[in-house]
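Subject: Handover of a structure, with notes

Dear colleague,

Please find the structure below for your use. My notes on what was found follow it, and I would ask you to read them with the model open.

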Amino acid sequence: MRIHGVSAKEGKGVCWARSLTQQLWQGEEFTLQIDSHMRFEPGWDEMLFSMWHDCNNKKAVLTCYPPGYTPPNDCDRRWIFGMGAKEFDEGGIFRAHGVPAFTPEEFPKTPIPGAFASANMLFGPSSIIHDIPYDPYLYFFGEEIMLAVRLWT
């Protein structure tokens, strides 16, 4: 684990911070990007690797809006969230959001292709750090559509 500490006064937005974290890469084969409010469940790492291998694509990236939880242990497991189009905001930026897609009983056996990318949970080969480095000048809104378009192309 490597840490790049920054005073909150010096912060320039989430994309700037994620750009800094990409500079900490030291040759690891995979990368995992999450938000600070995430919760890990037992076996999460084996599950991600298994799902990634099920994609049968060396450039596959797993992404989702994970379900919410209330600390310390209350997880909302009623839905598996997909991502959907929300709106174009007043600045013309496309916005996506999490939408209930499957109940746990309906959950697909293997990952399914999607058109969007979630910045709060992104797992894949570390080549994405070089292929689509974060734009440190993008503050927050627009991050996920930028990811989706650049990951696709």
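How much space lies in the second largest pocket? The model is a predicted one, and in it this pocket holds about 1,500 Å³ of space. Its lining is made up of 50 residues, and those nearest the centre are Arg-18, Thr-21, Leu-32, Gln-33 and Ile-34. The elements that contribute two or more residues to this lining are α1, β1, α2, β6 (94–102), β7 (121–125), α3 and α4. The greatest contribution comes from α1, which supplies seven residues.

Helix α1

Which residues of α1 are buried? They are Cys-15, Trp-16, Arg-18, Ser-19, Leu-20 and Gln-22. These buried residues pack against β1, α3 and α4 (143–152). An α-helix has 3.6 residues a turn, so residues three or four places apart point the same way.

Salt bridges

The model contains four salt bridges by the rule applied. Arg-18 takes part in one of them with Asp-35, where the closest N and O atoms are 2.3 Å apart. Asp-35 lies in the loop between β1 and α2 (44–55), whereas Arg-18 belongs to helix α1, so this pair ties together parts that are 17 residues apart in sequence. 

Another salt bridge joins the side chains of Glu-28 and Arg-2, with an N to O distance of 2.3 Å. Why does this pair tie together parts that are 26 residues apart in sequence? The reason is that Glu-28 sits in the loop between α1 (14–22) and β1 (30–34), while Arg-2 sits in the segment before α1. Both partners are partly exposed: Glu-28 has a relative accessible area of 30%, and Arg-2 has one of 33%.

The side chains of Asp-131 and Lys-59 also meet in a salt bridge, at 3.6 Å from N to O. This pair links distant parts of the chain, for Asp-131 is in helix α3 (residues 127–131) and Lys-59 is in the loop between α2 and β2 (62–63), 72 residues apart. Asp-131 is partly exposed, with a relative accessible area of 46%, whereas Lys-59 is exposed, with 53%. Finally, salt bridges that share partners join Arg-18, Asp-35 and Glu-143 into one network.

The surface

Which residues form a nonpolar patch on the surface? The patch consists of Leu-32, Ile-34, Phe-40 and Trp-44, which together have about 320 Å² of accessible area. Ile-34 is part of strand β1 and is partly exposed, with a relative accessible area of 30%.

Ser-50 lies in helix α2 and is partly exposed, at 41% relative accessibility. Ser-50 and Thr-110 are 60 residues apart in sequence, and their C-alpha atoms are 9.3 Å apart in space.

Yours sincerely

How values were computed: Residues numbered from 1 in each chain as written. Predicted model: local features only at pLDDT ≥ 70, side-chain atom pairs only at ≥ 80, totals over all residues. Heavy atoms only, no water. Helix = DSSP H or I, 4+ residues; strand = E, 2+ residues; numbered from the N terminus. Buried < 20%, exposed > 50% of the residue type's maximum accessible area, 1.4 Å probe, protein only. Contact = heavy atoms within 4.5 Å. Patch = residues over 30% accessible without salt bridge, like charges linked within 9 Å, V, L, I, M, F, W, Y side chains within 5 Å. Areas by Shrake-Rupley, 256 points an atom, 1.4 Å probe, with all protein chains shown as cover. 1 Å grid on protein atoms, 1.4 Å probe; cavity = no way out; pocket = protein on both sides within 12 Å on 5 of 7 lines; lining within 4 Å. Points joined across faces, edges and corners; volume = space filled by probe spheres on them.
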